[in-house]
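The sequence and structure come first.

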Amino acid sequence: MMSDLNSIAQHLAQRGKGILAADESTGTIKKRFDTIKLESTESSRRDYREILFTAPNLKDYVCGVILFEETLGQNAADGTPLSEILHNQGILPGIKVDKGLIPLVNSKDEKITQGLDGLPERFEKYYKQGARFAKWRAVYDVDAKRPSMIAIHSAAENLARYAAITQNAGMVPIVEPEVLINGSHDLARCEEVTERVLRAVFRALAIHKVTLEHIVLKPSMVISGDNCPNQASAEEVAEATVRVLKRCVPSAVPTINFLSGGQTPVQATEHLNLMNKQQLPWNLSFSYGRALQEPCLKAWAGNAANTKEAQEILTERCRLNALAAKGEYQGEETTV
Ligand code: 5MM
């Protein structure tokens, strides 16, 4: 089993492969299951995750999967731990270690991610359960006044402390600062905020002596707010995103794997593809949740008879994004 930080980071930075984010917390997966009118129970969540992880040929396009804590401890129907099913295919399991959002006192009605207490001890268990990388997500609201200075600096500090603890536990941290798509802000405002956020994150990583060679950056793309009347084109999104990343992310970082953050599956693939049309200092790939899972979940609809079709749909989305991670995606018939 892969154990040193360098091998793990290199594995996650393979060109033409990406990460599947399947780490929805209990509240979030319930919302997803509500859309297919399926009750969220320990066994329905397990069945769904088993469908994802056993999709044929997934390993050709996916090098890692992020799991929720419950999933890391679950077994497939035949008794094999779900994490072992991934390892056996050469896909590394990772673990979401943050404990969600709480109000950030004295901020502009903003939130901060919690979960640092007891983290070193939790890592001992996760490592034994097979996890080899971790994830912590910080979120930033955007409007004319937000994110506030307090939000930017406290989130960066927490991300850096988490990343240092993760490396110390022998695992690679996914550092995820998500500038939210919600709002009427335009592309320029998103660019300005993303740049400030990333600068603060890399400054904090340096202060906490995090080895940049052994992290994965999982940022949001620079994109118009979902309520902005003037939606930027795919070319503008790709251009602004790469511009900010080049300014803020040292080339020592091996791979940047975007979140999809509310983009449609096709948009997320198109944007990634456009960015990969040029030479870049890092591997640039995906760590999508919704943009990979939504069509698969819809096709499954909680019905075992649909499993094969749902798995094929998941693998196909992963294949298209793997092409986009090389700038080789040719488009597709559907536009959503
Ligand atoms: C899969 O969803 C992840 C967990 O979310 P909650 O903590 O809210 O349950 C989420 O962090 C996800 O990994 C990222 O946001 C990327 O997913 P999307 O859907 O934005 O690509």
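The text below takes up salt bridges, then the ligand, then cavities.

**Salt bridges**

The model is predicted. It contains 24 salt bridges. Two of them share arginine 46. Its side chain meets that of aspartate 47 in a salt bridge with an N to O distance of 2.6 Å. Arginine 46 also forms a salt bridge with glutamate 50, where the closest N and O atoms are 3.4 Å apart.

Arginine 46 has a relative accessibility of 17% and counts as buried, because buried means under 20% relative accessible area. Aspartate 47, with a relative accessible area of 31%, is partly exposed. In the other pair, arginine 46 and glutamate 50 are both buried. These two residues lie 4 residues apart in helix α3, which spans residues 42–53, so about one helical turn separates them.

A further salt bridge joins the side chains of lysine 135 and glutamate 176, at 3.2 Å from N to O. This pair links distant parts of the chain, with lysine 135 in strand β6 (residues 133–140) and glutamate 176 in strand β7 (residues 172–179), 41 residues apart. Lysine 135 and glutamate 176 are both buried.

Which residues are linked with Lys135 and Glu176 in a network of salt bridges? The network also includes Asp23, Lys96, Arg137, Glu178 and Lys218.

**Ligand surroundings**

There are 17 residues around the ligand, and those that come nearest are Ser25, Thr28, Lys135, Ser260 and Gly261.

| Residue | Distance to a ligand oxygen atom |
|---|---|
| Serine 25 | 2.6 Å |
| Lysine 96 | 2.8 Å |
| Lysine 135 | 2.3 Å |

A polar atom of its side chain lies 2.3 Å from an oxygen atom of the ligand, and its side chain meets that of glutamate 176 in a salt bridge. Lysine 96 has a polar side-chain atom 2.8 Å from an oxygen atom of the ligand, and Lys96 belongs to the salt-bridge network.

**Cavities**

How many cavities of 30 Å³ or more does a search of the whole structure find? The search finds 2.

The largest cavity holds about 60 Å³ of space. Its lining consists of Glu178, Val179, Ile181, Ser220, Met221, Ile223, Leu259, Ser260, Gly261 and Gln263. By class, this lining has 5 nonpolar, 4 polar and 1 charged residues. Ser260 and Gly261 are part of the lining, and both are among the residues that come nearest to the ligand. Glu178, another lining residue, is a member of the salt-bridge network.

The second largest cavity has a volume of about 30 Å³. Lys111, Ile112, Thr113, Ala138, Val139, Ala151 and Ala155 line this cavity. At least two lining residues come from each of β5 (111–113), β6 and α7 (149–168). Strand β5 supplies the largest share, 3 residues. The class counts for this lining are 5 nonpolar, 1 polar and 1 charged. Strand β6 contributes to this lining and also carries lysine 135.

Notes
Residues numbered from 1 in each chain as written. Predicted model: local features only at pLDDT ≥ 70, side-chain atom pairs only at ≥ 80, totals over all residues. Heavy atoms only, no water. Salt bridge = Lys/Arg side-chain N within 4 Å of Asp/Glu carboxyl O. Buried < 20%, exposed > 50% of the residue type's maximum accessible area, 1.4 Å probe, protein only. 1 Å grid on protein atoms, 1.4 Å probe; cavity = no way out; pocket = protein on both sides within 12 Å on 5 of 7 lines; lining within 4 Å. Points joined across faces, edges and corners; volume = space filled by probe spheres on them. Nonpolar A, V, L, I, M, F, W, Y, C, P; charged D, E, K, R; others polar. Near = heavy atom within 4 Å. Polar contact = N/O pair within 3.5 Å; in protein donor to acceptor, adjacent residues only side chain to side chain.
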